Amino acid sequence: MMGRVRILVVGYRKFSELINVLLPEFEQDVEVTIVESIATESTDYSGLVDKHRPDVVISAGSNAAYLRATLSVPVLSQPITDTDLLEALGKARKISRRIHVFTYAEKAGPSERLFASLPEFADIELLHHSYSTASEASETLLLAIADEDPQVIVGPSYTCGLAEQRGIPAILMYSRESARDMLRRAIDTGRAARTARATERGAPDQRFVIHSRQMERVASLARTYARGQAAVLLQGESGTGKEHIAREIHRLSDFADGPLVAVNCASIPNELFESELFGYVEGAFTSSRRGGRVGLMEQANGGVLFLDEIGELPLQQQVKLLRALQERRVRPVGGNREIEVDFKLIAATNQDLRRAVSAGEFRDDLYFRLNVFTLKLPPLRERPEDIPAIARYYLGEYARQYRVSVDTAELLARVERDFQCYRWPGNVRELQNFAERLVVNCLDRPLGEIDRHALREILPELFMDREDRDQRGLLKAQEEETIREAMQRFSGDKQKVAEFLGISTTTLWRRLKHMGPRAEADVDSSVSKSR
C-alpha cells in the first residue's frame, strides 16, 4: 500500500493558512507537517527533513528556490497565475487605486507585459517591485514604504506579513485554486518519489503479502478480471487492501502502459464534481485556471480510472457519472466539444451497495454498470494466517526506512500471540500502523525493553480490545446463568421463562441454542432431582 504522501510545508503565516484551509479535501491522500519559517542558512532544513521524512516539500517564491538548492527531496513552488494576480488586484483596488505589487524575480509568474497593460483596462496605478531573496524582499518593502507611502500591497506571504506588521493592508497573491493544484502535483510527485526510492533499494513493489487461501483466491480472480475492459467492483471493509488490488489489476491489465488515476469520491466537493471529473475550459467560471484544466476522466484515458469510496457519491452526481461511463465521452465545463475516453474502470466501496440500491441511496443503473465483476476482500480477522506474514513484511520495511537495527523476527515473536487475538477493526492498514509504531519505538530503546508493560504503552489498542472482550464474556456468562436459573425455577416452561425475563420466546430459543444442548439437559437433570 502506498499510504498517504508525506508533505512538508515551509512558508510564512498567510501561505501556511492557505494550505491548511485546503487540507480537509486531501486528508485521505496526504499527511502534512507545516513549518512557519523563512528559508535562511540559520535554519537546519536537512534536520527537518530527517525528522519528518517528507516525500515532497512545498513552499513559495525565494523560500522554494532556497530549499530546492539545499535539499535532496523534491521541492514544489506555489504557482502564480495571471488570474491569481487579477483577483488579488481586484481586492486591493477596493482599498486604493495605487497598488504596490511584489514578486519573486526568478520565478515564472505574471508577465511584465501584463503589468504594463493592466492600467489601460482598469482604474489602477501599479508599482511593480521584484526581489531574489527574503532579505532583499524586506529591503525592497522598506524602501517602498520610505519613498512611496503605499496604501495597499499585493505580494507573497512573507511580504504581506512584513507590511501588516507596519499597519499596511496586504493582499496575498496566491489563490486557493492554485494552491489546490500544487497539492495535487505534490501528491503525484510524492508517489513518484516513493516508487523511485523503492526501485533504487530493490524493494518489492506494492503487492499483497498472501498466505491465506481466501486472499490467494482474490489474487487469482484479480488476474482474471484484469483482462479486457469490463468494470471491476471491489468490496470490503476499510483497510482491507482495495487500493492494493486496484494497482495489481492495473499492472496486469491491457491498460498497464496508461496511468492509474485514483479518485476519492468522498473528498470531491459537490460543486466541484464536474470540473474535477470532466475538466473545464479557460474562462468557464470566475476562478477557472488560465488554459483550463484536464479532468480526471480524461487523465485516465488509455489507463485505469479508480473510483474509491463510490458509495459516498451523492445521487445527483451519480447521474452525471453514469452518463459519462455509458457514452465514454466527457464534455469539459464551459466547453462545446466532447472528448472520447477509453479506460478500464475499477470502483471500490466499504458499503453494501445492493442494500443502498434497495434503500434508494444508490442508483441501480450505475450499480449494474459497475458490478460486472465483483471482488470481495475478507477482513483481516477472517484470515489470521496472513497476520504474521504481513506483520513480518512491514516490520522489515519500516526497519529499513527508519534505519533501525533490530531483530524483526524477535520483535514479531513478542507480539504475535496478541496480534492473533486482536480483532483488527482497521484491517491491514491498522496492522501496518502497528508495525511502524513498534519499529519507531526501537529507535530509543533496546529490544529487551519491549516487554508487556512497554507494549501496553506502544499498542494500547491490543489490550483494550482484550479487556472489552473479557467484559463482554463476563456479561455473557451472567446472562446464561440467569437463563439457567429461570429454566430451573419454571421447570423448563419456555413461555413462563420468557415472560419472567422480559424477552420473546424466539429470543429465548435463540439464546438456548447458542448455549448448546447441555443447557436444557442441565435443567431436566435439576428438575428430576427436585422430584
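Q: Where is Thr81 found?
A: Thr81 sits in the loop between strand 4 and helix 4 (82–93). Helices (H or I, at least four residues) and strands (E, at least two) are DSSP runs, numbered from the N terminus. This is a predicted model, where local features need pLDDT of at least 70, side-chain atom pairs count only at pLDDT 80 or more, and totals for chains, interfaces and linings use all residues. Residues are numbered from 1 along each chain as its sequence is written, and side-chain values use heavy atoms, with hydrogens and water left out.

Q: Is Thr81 buried or exposed?
A: Thr81 is buried, because its relative accessible area is 17%. Buried means under 20%, exposed over 50%, and partly exposed in between (1.4 Å probe, protein chains only).

Q: What lies 3.0 Å from a polar atom of the Thr81 side chain?
A: That's the backbone nitrogen of Asp84.

Q: Switching to the sheet: what's the strand order?
A: The order is 2-1-3-4, an open sheet of four strands with parallel pairing. Two strands pair if DSSP finds at least two bridges between them.

Q: Which strands stand at the edges?
A: Strand 2 (30–36) and strand 4 (75–77) do; each has a single partner strand, so one side of each is left without a neighbour in the sheet. From one strand to the next, the twist averages 25°.

Q: How many bridges join strand 3 to strand 4?
A: Three, and the two strands run parallel; strand 3 covers residues 56–59. Val57 stands opposite Val75 in strand 4.

Q: Which strands does helix 1 touch?
A: Helix 1 (residues 13–22) packs on the sheet and touches strand 1 (5–11), strand 2 and strand 3. Its direction makes about 150° with that of strand 1. Contact here means heavy atoms within 4.5 Å; axes are lines fitted to C-alpha atoms, for helices over the stretch in contact, and angles run from 0 to 180 degrees between N-to-C directions.

Q: And which strands does helix 3 touch?
A: Helix 3 (residues 61–70) touches strand 1, strand 3 and strand 4, and its direction makes about 160° with that of strand 4.

Q: How many residues are in the largest nonpolar core?
A: The largest has 47, and Ile7, Ile19 and Ile58 are among those with the most contacts inside it. A nonpolar core is a set of buried Ala, Val, Leu, Ile, Met, Phe, Trp, Tyr and Cys residues joined through side-chain atoms within 4.5 Å.

Q: Which helix gives the most to this core?
A: Helix 8 (residues 176–200), with five residues.

Methods:
Polar contact = N/O pair within 3.5 Å; in protein donor to acceptor, adjacent residues only side chain to side chain.
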